[in-house]
Amino acid sequence: MTRMIDRTAGLGALSARALAAPVLAALALGLVGASQAQPQPAPPAAGATAFTTGGCDTPTTAFCDALMPPTPGWKGHVFKLSQTYPASAPPEPQFPWSKFDPTKQPGEYLKAALAYFYEGNVRSSVEQSFDPTLNKVRVWYNAPWQDVGLNGREFIHGLTRERVSLPGELAPQQKKKWNNYAVGFYNAPGGVVIGQVWKDHGKPNPAASAFPNGTVAAKLLFTTASAAEVPFLKGSPTWNAYVYANPNDPGPTPTSPRKALPVRLLQIDIAVKDDRVAATTGWVFGTFVYGGGPGGPAGSGWTNVAPVGVMWGNDPGFSGSGTLTQTWLNPAVHIPHVGFQGRLNGPVDNPASSCISCHGTAEIPAGVMVPPGGQDPSRWFQNIKSGQPFDAGRQSTDYSLQIEVGISNFNKHQPVVNATSPQDRTIQLRKVLEGSDPRSPRDGAPTH
Ligand code: HEC
């Protein structure tokens with residue numbers, strides 16, 4: 001069953017530009033003491049350097065860990081961006097998913113990729129799981145420049161704000177809108193490429209984004225939704241995250257307060273670069289839902305997840321009736337929606353799109369991710385080969401939207417990076433934030 005839901009419902013009236021008296025979030029939180037009377041920024045709190053003080057994300061510094069430093073007195077987990085990108089990846093004897101043909105054994109393929117992502121990342125402490133500094137099996141890397149704007153990385157687990165789940169999208173009982181948050185990781189082959197794209201911290205090179213066979217990108221998506229409204233979340237691994245204090249607010253502003261709230265694992269996204277599907281796109285995308293979705297079996301912990309499906313192409317020209325041949329959906333899972341015409345999408349995702357449709361637009365300058373309402377969507381459901389841009393004349397970022405979003409954020413923040421004084425930096429930051437969209441890029445907000 002596919003239900004079409006207006007992706008901008010409830011958000012359309014909200015424009016960041018129209019917000020009353022927007023103030024830089026960090027200023028409102030008292031993290032930066034810049035004012036007429038006190039022109040020098042306060043030193044960053046211990047643990048992390050904040051972007052607001054110019055201590056990171058500049059051509060000569062490391063990338064920032066998060067949008068804000070830990071709150072004073074914080075004793076819990078603190079996210080460190082895994083940014084020691086390697087020059088080459090350690091040899092892997094055999095990628096575990098390579099035993100399975102993604103087009104014929106999609107479920108087994110996806111489970112093998114998940115087991116690889118879990119190895120060394122799942123720990124007895126839920127809060128310390130998926131911390132690359134603690135993984136003894138293999139190092140995972142995070143993409144830089146996801147730390148800015150209204151949806152930028154929070155300091156506890158590096159989560160960025162994602163698409164809002166509308167009533168009924170997650171479960172029939174769901175009445176409210178709920179905010180979602182996520183963090184993504186690349187394995188070493190992917191980390192090499194991220195490192196090459198961002199080799200010069202002052203001049204990213206999107207042309208270096210050609211991921212080798214065996215690259216894995218994986219993303220954990222957490223929801224603020226309650227188990228009362230979304231019953232299958234019962235037993236889900238729960239993280240604390242420094243998120244918007246009102247979990248039902250679909251349009252946070254620069255002054256919206258944040259606080260540490262529990263967020264529950266809802267979805268796990270995986271993308272694998274696999275030369276065996278080079279004739280369609282070169283990528284296999286798959287997703288899991290916690291607890292198997294509505295009506296799924298009871299259970300708990302990281303392993304209580306079920307594949308929703310796998311896709312390796314967009315089924316160009318599909319009319320909407322008949323059978324998709326490049327998406328496999330798990331018949332045991334029943335989410336209220338998947339993607340356009342039954343193509344794969346995750347519970348958090350936009351029903352008008354699909355994994356490969358949205359990721360196929362990854363390019364610099366950024367393209368339009370989701371088919372605009374009222375337009376023929378067929379262009380968004382082609383098979384775009386790895387390396388080919390969505391729009392003629394642009395530079396493909398090989399299905400990586402974190403590279404696209406990161407470089408777009410970098411470009412947007414050049415007036416901040418080049419500010420001539422701490423006061424000027426604050427003014428420039430405020431300008432960028434006032435012009436930013438409260439929708440996440442995954443919700444169709446422009447990234448340029
Ligand atoms: C409407 C657009 C959209 C759809 C649909 C979508 N994504 Fe993404 N995805 C994004 C954006 C934007 C990012 C980068 C920013 C971020 O991480 O939030 C991203 C990031 C990712 C990443 C991290 C690596 C990268 O490529 O940037 C993975 C892995 C991923 N998505 C997998 C999936 C899977 C699997 C699906 C389908 C189940 C999916 N995505 C559907 C927009 C989308």
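Residues are numbered from 1 along each chain as its sequence is written. Because the model is predicted, local features need pLDDT of at least 70 and side-chain atom pairs count only at pLDDT 80 or more, while totals for chains, interfaces and linings use all residues.

The protein contains seven helices and ten strands. Helices (H or I, at least four residues) and strands (E, at least two) are DSSP runs, numbered from the N terminus. Of the 448 residues, 52% are buried. A residue is buried if 20 or more other C-beta atoms lie within 10 Å of its own, exposed if 12 or fewer, and partly exposed in between; C-beta atoms are placed from the backbone. Among contacts with a separation of 6 or more, 66% join residues 24 or more positions apart. Two residues are in contact if their C-beta atoms, placed from the backbone, lie within 7 Å.

The largest nonpolar core has 99 residues. Such a core is a set of buried Ala, Val, Leu, Ile, Met, Phe, Trp, Tyr and Cys residues joined through C-beta atoms within 7 Å. Ala-113, Phe-222, Ala-241 and Ile-270 have the most contacts inside this core. Strand β5 gives the core its largest share, seven residues.

Strand pairing was examined next. Two strands pair if DSSP finds at least two bridges between them. Strands β2 and β3 run antiparallel and are joined by seven bridges. Val-183 has Leu-220 in β3 as its bridge partner. Strand β3 also pairs with β5, in the antiparallel sense, over eight bridges. There, Leu-220 stands opposite Ile-268 in β5. Seven of the eight residues of β3 are buried, and the strand is mostly covered. Strand β4 is joined to β5 by seven bridges, and these two strands run antiparallel. Asn-240 has Pro-262 in β5 as its bridge partner. Strand β4 (residues 238-244) is largely enclosed by the rest of the structure, because five of its seven residues are buried.

Helix α3 (residues 188-197) is also buried for the most part. Eight of its ten residues are buried, so the helix is largely enclosed by the rest of the structure. The buried residues are Ala-188, Pro-189, Gly-190, Gly-191, Val-192, Val-193, Ile-194 and Val-197. They pack against β2, β3 and α5.

The shell around the ligand holds 30 residues. A residue is near a molecule or strand if its C-beta atom, placed from the backbone, lies within 6 Å of it. Asp-269, Cys-355, Cys-358, Leu-401 and Gln-402 come nearest to the ligand. At least two shell residues come from each of β2 (180-186), β3 (216-223), β5 (258-273), β6 (283-290), α4 (355-359) and α5 (401-412). By class, the shell has 14 nonpolar, eleven polar and five charged residues. Ala, Val, Leu, Ile, Met, Phe, Trp, Tyr, Cys and Pro count as nonpolar, Asp, Glu, Lys and Arg as charged, and the others, Gly among them, as polar.

Trp-140 lies in the loop between α2 (106-118) and β1 (160-161). Trp-140 is buried, because 23 other C-beta atoms lie within 10 Å. Its contacts, leaving aside neighbours within four places in sequence, are Ser-82, Pro-132, Asn-135, Phe-185, Tyr-186 and Asn-187. Ser-82 is 58 residues from Trp-140 in sequence, yet the two are 7.1 Å apart in space, C-alpha to C-alpha.

Some backbone angles stand out. Most residues other than glycine have a negative phi, and most peptide bonds are trans. Phe-130 has a positive phi, near 55°. Phe-130 lies in the loop between α2 and β1. This residue counts as buried, because it has 24 C-beta neighbours inside 10 Å. Gln-341 also has a positive phi, near 55°, and is placed in the loop between β8 (327-329) and α4. With 17 C-beta neighbours inside 10 Å, Gln-341 counts as partly exposed. A cis peptide bond joins Ile-364 and Pro-365, with omega about -10°. Pro-365 lies in the loop between β9 (363-364) and β10 (395-396).
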